[in-house]
Structure formats: C-alpha cells, structure tokens
Amino acid sequence: MRTFGRIVLGLIVVLGLAGGIGYWWFTHTYPKIGPSPDLKIAATQEMIERGKYLAEQVCSCMDCHSVRDWHYFAAPTKPETHGGGGDLFDESVGVPGAIYAANITPAGISGYTDGELYRMITSGVKRTGEPVFPIMPYPHFGLMADDDIKSIIAYVRTLTPIENQVPLSKLNFPLNLIVRTMPQPGQPQSRPDPANETAYGAYLVNAAACSDCHTPMEKGQPIQNLAFAGGNEYRLPGGCLARSANITPDPETGIGKWTREQFIVRFKKYADEAGGHVPVDSAAFNTIMPWTKYAGMTDTDLGAMFAYLRTLKPVPHQVVHFDRVSIANQ
C-alpha cells in the first residue's frame with residue numbers, strides 16, 4: 001500500500017508540474033502578436049479634430065470609456081467622467097465576468113507610447129502583453145485606415161486628465177485563457193472616397209461596430225444568417241430588458257421602408273440638449289444604443305451608412321425592443 005501511495009503521489013506531482021509548465025508556456029506564448037510599432041505621431045490640429053469626431057461620434061469611444069447616466073434616455077455620458085473609464089460590462093451585456101472600461105485620458109495612458117496605443121486599438125494587446133477582451137471592438141478598428149487610428153490617438157492625448165483608479169477586470173474560466181488566443185494583427189485599409197457612398201458607408205458601419213450589437217450571438221459567436229437583424233439582449237440597470245433593432249432592409253421587420261431622410265432625422269433628434277437629456281425612470285423604455293453620440297455625425301456620413309445598410313440582405317426577424325421585466329421577478 002505504501003508503494004501504491006508513493007506512485008499516486010508521484011503522478012500527482014508530475015501532473016501538477018506538467019500543468020504548471022503548460023500554463024506558463026500558454027500564457028507566455030499567447031497572444032501571438034508582434035511588438036508594438038515604433039511610432040511617434042506628429043499631431044496636427046486637423047488630426048486632432050478628425051480624431052475627436054471619430055472617438056466621440058463614429059467609433060463612440062467615449063460612450064464606453066465614460067460613465068453613462070441611466071436617468072436619461074439612451075444614457076448619455078456624465079461630462080465629469082469623460083474618458084476616465086470605470087464603466088462595468090458584465091453578464092448583463094453578455095460578458096462572462098467583469099470588464100471595466102479603461103481610463104483613456106492622459107492620466108490613464110501616460111505610460112503608453114503611440115505605438116503601444118496603436119497596437120492595443122488595432123490588435124487588442126496591452127503594453128503589458130495582456131489581451132483585451134473584444135467587447136472593445138479592436139477587430140473592427142484594425143480594419144480602419146492608419147491615419148484615422150493615429151488621429152484618435154492624437155485626440156485622446158488632449159483629453160482632460162482624470163485620476164481614476166479603475167478596478168481590475170476579470171473573466172470567468174475558461175474564457176480567461178481563451179481570450180489570449182483572440183487578438184489578431186490589424187489589417188488597415190484605405191478610407192474610401194465619400195463619393196463612393198456605399199463603400200464609404202461600409203467603412204463607417206465597420207468603424208462604428210454596428211454589427212456587434214445588431215447581430216445576435218450564440219455561444220459567443222455571431223449568427224451569420226441573422227447578420228444585422230437585431231435581437232441581442234441587454235439588461236438595463238433597472239432590471240428591464242432591451243434588444244437591438246433589425247437594421248437590415250427587410251420591409252416589415254427592418255428599415256426597408258425607411259427613407260434616407262427618416263434615417264438621418266432619427267439620429268439627429270438627439271443632437272441638442274433637450275433631445276439628448278430626456279428623463280426616464282428605471283421601468284421606462286430605454287436602450288443602450290448611444291444615440292446622443294451618433295447624433296453628432298454629419299448628415300453625409302449618416303446618409304452613407306444608410307446607403308450601405310440598404311445593400312444588405314433583407315432578413316425577416318421581428319424584434320421586441322423592450323420588456324419591462326425585472327430580474328428579481330424571474
């Protein structure tokens with residue numbers, strides 16, 4: 001019996017060592033992304049203005065990297081938290097764990113070089129080599145034009161510094177390991193000429209990561225035959241359930257009967273202070289759609305996005321946009 005016990009103990013030790021070595025190898029091998037580029041951005045005022053437009057409106061970076069105020073429709077961000085991070089993304093938005101948005105003001109990114117920021121935004125790897133969970137849509141940003149990404153970096157360097165110690169993010173097992181395999185090198189593309197409205201609209205729809213919210217997911221993967229057809233579910237702070245809309249050109253359940261003008265007006269109604277700060281209570285109809293951010297896009301850009309969406313395959317998919325159902329009652 002003593003011999004058998006020693007054998008069992010020996011096997012446990014060997015398996016433990018093998019597991020430890022395997023874990024060390026995996027965490028030191030992945031993510032398989034090369035070093036950050038040697039990049040120093042010579043920012044111009046034109047770049048900063050372009051970066052502001054992209055970060056504030058199109059890519060809506062500030063919507064995630066600020067704290068949203070759910071006392072108002074579409075939860076506009078609180079000005080005093082602008083870029084300071086700390087907003088939580090958890091099971092209510094489909095994240096198996098707790099992800100806290102980073103502080104992207106100079107107080108939070110001062111240790112990053114421009115090249116390290118570029119790699120993080122386009123490939124999903126932090127300066128420490130740790131992966132970024134793709135709730136930050138770096139797969140989309142990695143397809144944007146180099147000049148646009150550099151402009152965003154130039155802009156966030158100008159934000160008012162906010163000293164905010166953001167809690168550490170934590171993913172549940174085994175996603176905390178799987179996430180290390182997710183980052184991929186960016187594949188930057190040229191920004192299409194706005195005169196080519198459909199191609200330019202496709203570029204903007206990618207930059208805004210519209211598909212991430214408007215395509216239902218199953219086991220963490222988009223359901224391809226429901227691309228842009230809506231139905232993703234989001235628990236709101238009050239406990240109610242919101243679902244993304246069908247934005248394919250299906251005439252009955254999507255935007256097939258919309259005109260270009262109707263599409264633009266739908267966004268622009270939230271552009272001013274009155275439209276962007278409509279009080280709601282916790283049980284009233286609300287949405288995670290950052291209308292107040294996208295409302296700042298130009299008519300030309302919104303029109304191009306509409307033109308592209310009209311080229312998508314119509315998908316009949318009826319979506320109930322809101323349920324007044326409290327988690328506590330389920």
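Helices (H or I, at least four residues) and strands (E, at least two) are DSSP runs, numbered from the N terminus. The model is predicted: local features need pLDDT of at least 70, side-chain atom pairs count only at pLDDT 80 or more, and totals for chains, interfaces and linings use all residues. Residues are numbered from 1 along each chain as its sequence is written, and side-chain values use heavy atoms, with hydrogens and water left out.

Helix 9 spans residues 197-207. Its buried residues (under 20% relative accessible area, 1.4 Å probe, protein chains only) are Y200, G201, Y203, L204, V205, N206 and A207. These pack against helix 2 (45-58), helix 6 (138-141), helix 7 (146-156), helix 10 (210-214) and helix 14 (299-309). Contact here means heavy atoms within 4.5 Å. A209 follows helix 9 and has a positive phi, near 55°.

Helix 9 packs on helix 14 at an angle of about 100°, with the axes 7 Å apart. Helix 9 is therefore roughly perpendicular to helix 14 (65 to 115 degrees). On helix 9, the contact is made by E197, T198, Y200, G201, A202, L204 and V205. Helix 14 contributes D301, G303, A304, M305, A307, Y308 and L309. Axes are lines fitted to C-alpha atoms, for helices over the stretch in contact, and angles run from 0 to 180 degrees between N-to-C directions.

F322 lies in strand 8 (residues 322-323). F322 counts as buried because its relative accessibility is 11%. Beyond residues up to four places away in sequence, F322 touches L236, C240, L241, A242, R243, A283, A284, F285 and N286. A242 is 80 residues from F322 along the chain, yet their C-alpha atoms are separated by 4.5 Å.

Note on methods
Buried means under 20% relative accessible area, exposed over 50%, partly exposed in between (1.4 Å probe, protein chains only). Angles under 35 degrees count as roughly parallel, over 145 as roughly antiparallel, 65 to 115 as roughly perpendicular and the rest as oblique.
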